[in-house]
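Hi there,

Here is the structure I promised to pass on to you. Have a look at it first, and then read on for my notes.

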Amino acid sequence: MTSEADPLTLVLVGPMAAGKTSVGRRVARRLGVAFVDTDKRIVATHGPIPAIFAEHGEPHFRELERAAVAEALSEGGVISVGGGAVTQADTRDLLKDQPVVFLTVSADAVAARIRGSNRPLLAGEEDPVERWTKIFEERRRWYAEVASTTFDTSRRPMQKIADDIVAWRREQR
């Protein structure tokens, strides 16, 4: 249990296109805290994620990501971490004592969300939804490992999901 003096922190994890950014912004606004998207921080400092993957490889990107997660956790607020952050044991360790919300989503719901997107792990795929499903299945156990609770974003409005997460987080304090 945290005291009121501690910065309110809430971490959102989940697959690509689960709604981490859109839900996270709404939750942060309702809780009156900052919103941090670790992917956006990495882009601001190091350039586009597809370029980082292409020039330096995924392991280098994952190290930048772990550092961004650590920095965000030290500041507090609502933190959205990239879909693959949980693949790294060091990053999962950072999350183990935090309130973590796993946003899950069905492949059907995600199809419309990823159409025409510039996501490096889906680039050039014949069937991006099939690739997304494979990636999600590979990572699902890690999301579950770090999660304090799970919310499905497939069929409900993002604002309703955000309201439920705010209520859950307030109960945790």
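This is a predicted model: local features need pLDDT of at least 70, side-chain atom pairs count only at pLDDT 80 or more; totals for chains, interfaces and linings use all residues.

On one side, β1 and β3 are joined in the parallel sense over four bridges, and L12 stands opposite S80 in β3. β1 also pairs with β4, again in the parallel sense, over three bridges; here the bridge partner of L12 is V101. From β4 the sheet continues to β5 (residues 149–152) through four parallel bridges, with T104 opposite D152.

Is β4 mostly covered, or open? Strand β4 (residues 100–104) is mostly covered, as five of its five residues are buried. V100, F102 and T104 point one way, V101 and L103 point the other way, and all of them are buried.

The largest nonpolar core has 43 residues, and V13, V23, V27, L95, V101, L103 and I165 touch the most other members. At least two residues of this core come from each of β1, α1 (20–31), α4 (58–75), β3, β4, α6, α7 (128–146) and α8 (158–172). I165 shows how these parts meet: leaving aside neighbours within four places in sequence, I165 is in contact with L10, L12, V23, V27, V101, L103 and F151. Another core lies apart from the largest one and has seven residues, including I49, I52, F61 and A68. In soluble globular proteins, nonpolar side chains tend to be buried together.

A search of the whole structure gives five aromatic pairs. One of them is F136 with Y143, a tilted pair at 6.1 Å centre to centre and 45° between the planes. Why do F136 and Y143 both count as buried? The cut-off is under 20% relative accessible area; F136 has 3% and Y143 has 0%, so both values fall under that cut-off. F102, W132, F136 and Y143 form one aromatic cluster, and F102 is also one of the buried residues of β4.

T91 counts as buried because its relative accessibility is 1%. Not counting residues up to four places away in sequence, T91 touches R66, V69 and A85.

Finally, a word on confidence. The mean pLDDT of the protein is 90, and 90% of the residues reach 70 or more. Confidence is highest in strand β3 (residues 77–80), at a mean of 98, and lowest in helix α6 (residues 107–114), at 82. Over residues 1–5 the pLDDT is below 50, and this stretch has seven contacts in the model beyond near neighbours in sequence.

Best wishes

Methods. Residues are numbered from 1 along each chain as its sequence is written. Side-chain values use heavy atoms; hydrogens and water are left out. Rings of Phe, Tyr and Trp (its six-membered ring) pair if their centres lie within 6.5 Å; planes under 30 degrees apart count as stacked, over 60 as edge-to-face and the rest as tilted. Buried means under 20% relative accessible area, exposed over 50%, partly exposed in between (1.4 Å probe, protein chains only). Two strands pair if DSSP finds at least two bridges between them. pLDDT is the predictor's confidence in each residue, from 0 to 100. Contact means heavy atoms within 4.5 Å. A nonpolar core is a set of buried Ala, Val, Leu, Ile, Met, Phe, Trp, Tyr and Cys residues joined through side-chain atoms within 4.5 Å.
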